[in-house]
Amino acid sequence: MNSNSDIIKLLTDLINFKSVTPDSTDCQNYIDTYLSELGFETEYKNYGDVQNLISTLGKGSPCLAFIGHTDVVPAGDIQEWKSNPFELTQDKDFLIGRGTSDMKGGIACFMQATREFIEDNNDIEGSIKFILTGDEEGDAINGIRKLIDEGVFKKNELDYCLVGEPSSTDKIGDVIRNGRRGSITGHLTIHGTQGHVAYPEKANNPIHISSKIISELINIEFDNGNEYFPPTSFQISNINSGTGVDNVIPGNMKIVFNIRYSTETNHEEIKTKILNILNNSSSEYDISWKHSGEPFLTTNKEFLNICSESIKEVSHIDTVPSTNGGTSDGRFMAKISNQVIELGLTNRSIHKIDECVKIDDLNILKEIYKSILEKIFKS
């Protein structure tokens, strides 16, 4: 491993923090110490067991906010990893460790790009912020969502929000996110009557009842999407029923489904269409909902163009704006800023065993971030 590389040194230190969600390590304090050397002033907002870092250099507008999270998903079976997931190790052209792509690698690029920019520009007109949470991979309740709900930032106080989530597919910058779909999950229980399989007339099989319901649910046409979003998607993620033996009709059936939806509909309309089917089925049921976030879309092209131009200069490719993929903290930032872009490393290995990042990709992304800083503060 090239120990002389500043960005690899940063990533090595960040990976060493076993910051499984919610992050309760000193990872953010390490970042705070690093940024304080550059003149940043840091405050922490703690909600429950979650610490959120807000570090600021300068004042006023233009304001560029780097948005990210220091928490990571669990490593899983450590024996399946090539090496300790919380020690950065090199395998040919790749660095392996939990969080290398999602998203400590992106944070390291934030940090190094900012250092190099400040060293070349002692005074900036405007402000740079780091907004980092330890609660993104988990419930995401006491992190960025809480900061927005508590009014920590005024509306339009943050001119540009750059979320460092791994947005790229094959090459750094080939895809950036200028929006995300909304997400709502339903936990549905269909009730029947348990009984002996030899006496079906004395039972009511919830699996049989649910077959027609499922067919109708998966055929709902919520919308046709639009130029930015694909049509809303209904997907069943889990079905569970039965007692474990072959001669008992079960008493209930549990179904978990998720809907990723576009700006052409909303979560209340989605719930209404699903409840209409359930109510018309004349079956007994219980249902609970979890609404993870509304869709958002950055229609203002200014920041999108800045990011696209920086990618072109560094990676020599034309980026593709997209709204696909999972949810991120961008959905919360979009409530107070009309220019939110997700731009980060590749997502090919995120949440997997042997999560990794290509060494060259770190430098490429760092240079893109540095170019973005230069375009905003030297224009």
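The model is predicted, so to speak of local features requires pLDDT of at least 70 and side-chain atom pairs count only at pLDDT 80 or more, while totals for chains, interfaces and linings use all residues. Residues are numbered from 1 along each chain as its sequence is written, and side-chain values use heavy atoms, with hydrogens and water left out.

Rings of Phe, Tyr and Trp (its six-membered ring) are taken as a pair if their centres lie within 6.5 Å, with planes under 30 degrees apart called stacked, over 60 edge-to-face and the rest tilted. The count by this rule is 11 aromatic pairs. One joins Phe110 and Phe130, whose centres are 6.1 Å apart and whose planes stand at 90°, so this pair is edge-to-face. Phe110 belongs to helix α3 (residues 104-120) and Phe130 to strand β6 (residues 127-133), 20 residues apart; helices (H or I, at least four residues) and strands (E, at least two) are DSSP runs, numbered from the N terminus. Phe110 is buried at 0% relative accessibility, and Phe130 is likewise buried at 0%, where buried means under 20% relative accessible area, exposed over 50% and partly exposed in between (1.4 Å probe, protein chains only).

Phe257 is in strand β14 (residues 252-261) and Trp289 in strand β15 (residues 284-293), so the pair ties together parts 32 residues apart in sequence. Phe257 is buried at 0%, whereas Trp289 is partly exposed at 24%.
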